[in-house]
Amino acid sequence: MARFILHRLGHSLLLLFLVSLIGYTILHLAPGGPLSQYALSPGMTQAELNQIAERMGLNRPIPIQYLDWFTSFLVGDWGESFRDGRPVLSVISGHLFATVLLVVSSSVISIGLGTLVGVLGATRRYSAWDYIATVGAMIALSIPTFWFGLVAIYVFSLQLDWFPSGNMYSIGDESFLDYAHHLVMPSVVLALVSVAIWSRYMRSAMLDVIGQDFVRTARAKGLSGQRVLYRHVVRNALIPMITLAGIQLPMLLSGALVTETVFTWPGIGRLFLDSLGYNDYPVIMGVLMFTAIFVLLGNLIADILVATVDPRVRLE
C-alpha cells in the first residue's frame, strides 16, 4: 500500500510542476500584462513604466522569473498581489471559506440526490421514472450552468421573492439561517450538472452489479430483495463512484467559477476572474496552483480509498 501511495504521489507532484510551468508560460505570453494598467494612467512615461517593471521583476527573462517564483512557491512564499500588495495566500484565504461552503454543499446535494436517482433508475429500469430521469439528465448536461443561474434568479428571486439574488449574506445579518438562505440557489444550480452525471454513472454501476453471479447467489439463498439491494448491489456499485467523486472536483471548481460570478458569491472563482481583469499575475498563479493542489489531492485520496476497498487496484 505504501508503494502504491508513493507512486500516486509522485505522479501528482509531476503534474503539479507541469501545471505551474504551462500556466506561468501562457500567462506571461498573453497580450497585455500588469503594466497595461499603469500605462492607462495620464502622464505615465516610459521611464516610469520601466521603473515599475524593474520593481516588480518583470524586466527579467521569463525562465528566470519562473524559477524565482517556483522556488519561492516551494517554501510557502506565493508572492504579493500587484493590485494591493497583500500576500497571495492571505488574499486566497479570505475567499476560501465561501468556495468551500459552496462546493461542499453542492457535493452533498449532487451525491445524495444523484445516488438516489441512479438507484431508482436501475431498480425501475425502462419505467416512466427511468425515462424522466434520463431526459432530465440530458437537459441538465446540455444547458450551461450560467443559464440555470439566470433563470433561477429571475424566477425564485425577482418573481417569487423566495431567495436573494446574490451575495453570501445580508449586511447586518450574518446568522446561520441567513447564510443558508443565500446558499440555496447557488448550491442547487452548481449541483445540477453533477446530479445528472452521478445518477447516470450510478445507474450503470448498479445494472452492472445486478447481473453479477454473487447477486444471483444471494437471491438463491433466500435473502430479501431489500437486503440484496442495499447490502450487496449498492455497496459494490459505490466502489467505482469513489473515483468519480475525485474526477468531479475539477468540474465543481470550474462550475463554481461561473456560479460565483452569476450570484456575486465572494469565492475563489470570482477572485480569479477579478484578478484576470487586473492582470494580477501572482494572484492568478496562486489560485491556479491552489486549485491544482486541491484537485490532485482529491484524486489522490480517491485513489487511496479505491485501493483500500479493492486491493486489485494496487497491482495496476
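This report describes the fold, charge pairs, surface patch and selected residues of a predicted model.

## Basis of the model

Because the model is predicted, local features need pLDDT of at least 70 and side-chain atom pairs count only at pLDDT 80 or more, whereas totals for chains, interfaces and linings use all residues. Residues are numbered from 1 along each chain as its sequence is written, and side-chain values use heavy atoms, with hydrogens and water left out.

## Overall architecture

The secondary structure of the chain consists of twelve helices and zero strands, where helices (H or I, at least four residues) and strands (E, at least two) are DSSP runs numbered from the N terminus. Along the sequence this gives the pattern α-α-α-α-α-α-α-α-α-α-α-α, and the C-alpha trace spans about 85 × 55 × 35 Å along its principal axes.

Of the 316 residues of the chain, 38% count as buried; here buried means under 20% relative accessible area, exposed means over 50%, and partly exposed lies in between, with a 1.4 Å probe and protein chains only. The accessible surface comes to about 17600 Å², and 67% of this surface belongs to carbon and sulfur atoms; such areas come from the Shrake-Rupley method with a 1.4 Å probe, and for residues only the protein chains shown count as cover. Among contacts (heavy atoms within 4.5 Å) between residues at least 6 apart in sequence, 73% join residues at least 24 apart.

## Charges and salt bridges

The chain carries 19 positive and 19 negative charges, whose mean positions are 20 Å apart. In this count Lys and Arg are positive and Asp and Glu negative, while His and the chain ends are not counted; the place of a charge is taken as NZ of Lys, CZ of Arg, CG of Asp or CD of Glu.

Side chains of opposite charge can pair when their charged atoms come close. A search of the whole structure finds three salt bridges, each defined as a side-chain nitrogen of Lys or Arg within 4 Å of a carboxyl oxygen of Asp or Glu. In one of them, Asp68 pairs with Arg60, with the closest N and O atoms 3.6 Å apart; Asp68 is partly exposed at 38% relative accessibility, and Arg60 is partly exposed at 33%. Another joins Arg86 to Asp84, with the closest N and O atoms 3.9 Å apart, and here Arg86 is partly exposed at 36% relative accessibility, as is Asp84 at 44%.

## The helix 6 and helix 8 pair

The side chains of Asp130 and Arg203 also meet in a salt bridge, at 2.9 Å from N to O. This pair links distant parts of the chain, with Asp130 in helix 6 and Arg203 in helix 8, 73 residues apart, and both Asp130 and Arg203 are buried.

Arg200 is likewise found in helix 8 (residues 176–210). Arg200 is buried yet has no salt bridge, and its nearest side chain of opposite charge, Asp130, is 4.1 Å away. Not counting residues up to four places away in sequence, Arg200 touches Asp130, Ala133, Thr134, Ala137 and Met138.

Leu14, Leu15, Phe17, Leu18, Leu21, Ile22 and Ile26 form a nonpolar patch on the surface, with about 620 Å² of accessible area together. Patches are made of residues with over 30% relative accessible area and no salt bridge, with like charges joined within 9 Å and nonpolar side chains (Val, Leu, Ile, Met, Phe, Trp, Tyr) within 5 Å.

Tyr66, found in helix 4 (residues 62–74), is buried, with a relative accessible area of 7%. Leaving aside neighbours within four places in sequence, Tyr66 is in contact with Phe17, Ser20, Leu21 and Tyr24. The C-alpha atoms of Tyr66 and Thr259, 193 residues apart along the chain, are separated by 32 Å.

## Positive phi angles in loops

Tyr126, which is not a glycine, has a positive phi of about 65 degrees. Tyr126 lies in the loop between helix 5 (88–123) and helix 6 (128–142) and is exposed, with a relative accessible area of 53%.

Asn279 is a residue other than glycine with a positive phi, near 55 degrees. Asn279 sits in the loop between helix 11 (268–278) and helix 12 (281–309), and at 17% relative accessibility Asn279 counts as buried.
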